[in-house]
Amino acid sequence: MARNIRTIICGFGKVGRNFARLMESKRQMLLQRYNLNLELVGVGELQGSVASPRGIDILNLVDYFETHGTIGYFPGAGKPEWAGIDLVHESDADVLVETTPTNIQTGEPALSHIRLALSREMNVVSANKGPFIRSYRFLRSLANDHGVALKLSTAAAAALPTLDVAQTCLAGTEIRAIEGVLNGTSNFILSRMRTENDSFDEALAEAQRLGIAETDPTLDIEGYDTANKLALIANVSMDADLLPENVDRKGITEMDADQVRQAASEGKIMRLVGRAEIKANGKIHARVAPEALSPDHPLANIDGSEKGITYTTDTMDRVTVMGGKSDPMGAAAALLKDLINIYAAP
Ligand code: HSE
């Protein structure tokens, strides 16, 4: 008998809808390989939600949203007055998948969704960084107190496994430094300027067309997204207390094609790199800046929209992971990975 996992999603943007599509397209695989049946019992959106304890037809709901731009009047299950928080409050789901837009300053509305879900003993899988930038320790202990899981790989570079590696593969080590190419958009732009001779603006326009860039690309190209991810990864993997505003930050907006080509003519490759390092006094120093990396640096060969991270540890030396799709489907797949790992850990 398959294990039924009653699932709600808050936020039905590109990532939320791709996650819902995966619930459907991977249904057989999830049953056969993990003995899991993911049942969608609600979706929360600011302008109306849907909920049905009997389950919701996923593909019809996705079509409905893409036609109407809202789900509050979805036949049979629409709840026009409900926002996401009402859904979390009323639902008896097993797991919340949180994909609402990120607010780094307040963490809302995701922070409230996650706090309530954990208190109501739901597991939580989040694509949203906001709640964890300022409240990671609080939310982690809330999850522990309620005996539920809190998974946030998608918030920390999505399809690139950063936290899984730190928490599982490097368990028992001291992570002393993190270096990361953590923003797909910036890496895509720098790669296109080097390999296709694109101008900065042409490369950015292409990143937007492909859905890699944030709605407001300033977050990507000014290094904010890298600083946010770096803070999150440092806080989880180094038990640090780093805020993005304490990361020295310089983006790639001042880079032009000549600088990228100049680095190439010297045999180097420009990357936007985030670094966090524990200093001798125990304090953490973190910065984000464009760097000309020599080709033998492990992060030099991460081309296009891929990302990568190198951890330097006390007992396992240096470990690098790279790759992973930087688009809404890559993020949705990372959410699914986290969810599977809650219920069917190897
Ligand atoms: N826009 C981000 C990137 C993805 O380019 O990597 C979301 O963090």
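This is a predicted model: local features need pLDDT of at least 70, side-chain atom pairs count only at pLDDT 80 or more; totals for chains, interfaces and linings use all residues.
Local features need pLDDT of at least 70 and side-chain atom pairs count only at pLDDT 80 or more, while totals for chains, interfaces and linings use all residues. Residues are numbered from 1 along each chain as its sequence is written, and side-chain values use heavy atoms, with hydrogens and water left out.

View 1. Strands are DSSP runs (E, at least two residues) and helices are DSSP runs (H or I, at least four), numbered from the N terminus. Of the 7 residues in β12 (residues 307-313), 6 are buried, that is, under 20% relative accessible area with a 1.4 Å probe and protein chains only; exposed is over 50% and partly exposed lies in between. β12 pairs with strand β8 (residues 175-181) in the antiparallel sense over 6 bridges; pairing requires at least two DSSP bridges between the strands. Gly180 has Ile309 of β12 as its bridge partner.

**View 2. The hairpin of β12 and β13.** Strand β13 (residues 318-323) runs antiparallel to β12, joined by 6 bridges. Thr320 in β13 stands opposite Thr310. The hairpin has 4 residues between the strands, and Asp317 takes a positive phi near 65 degrees.

**View 3. The bend in helix α6.** Helix α6 (residues 130-146) bends by about 90 degrees at Tyr136, the angle being taken between axes fitted to the seven residues ending there and the seven starting there. After α6 comes Gly147, with a positive phi near 65 degrees.

View 4. Buried residues of α6 include Phe132, Ile133, Tyr136, Leu139 and Leu142. Among the elements covering the buried residues of α6 are α5 (110-119), β6 (123-126) and α11 (224-237), where contact means heavy atoms within 4.5 Å.
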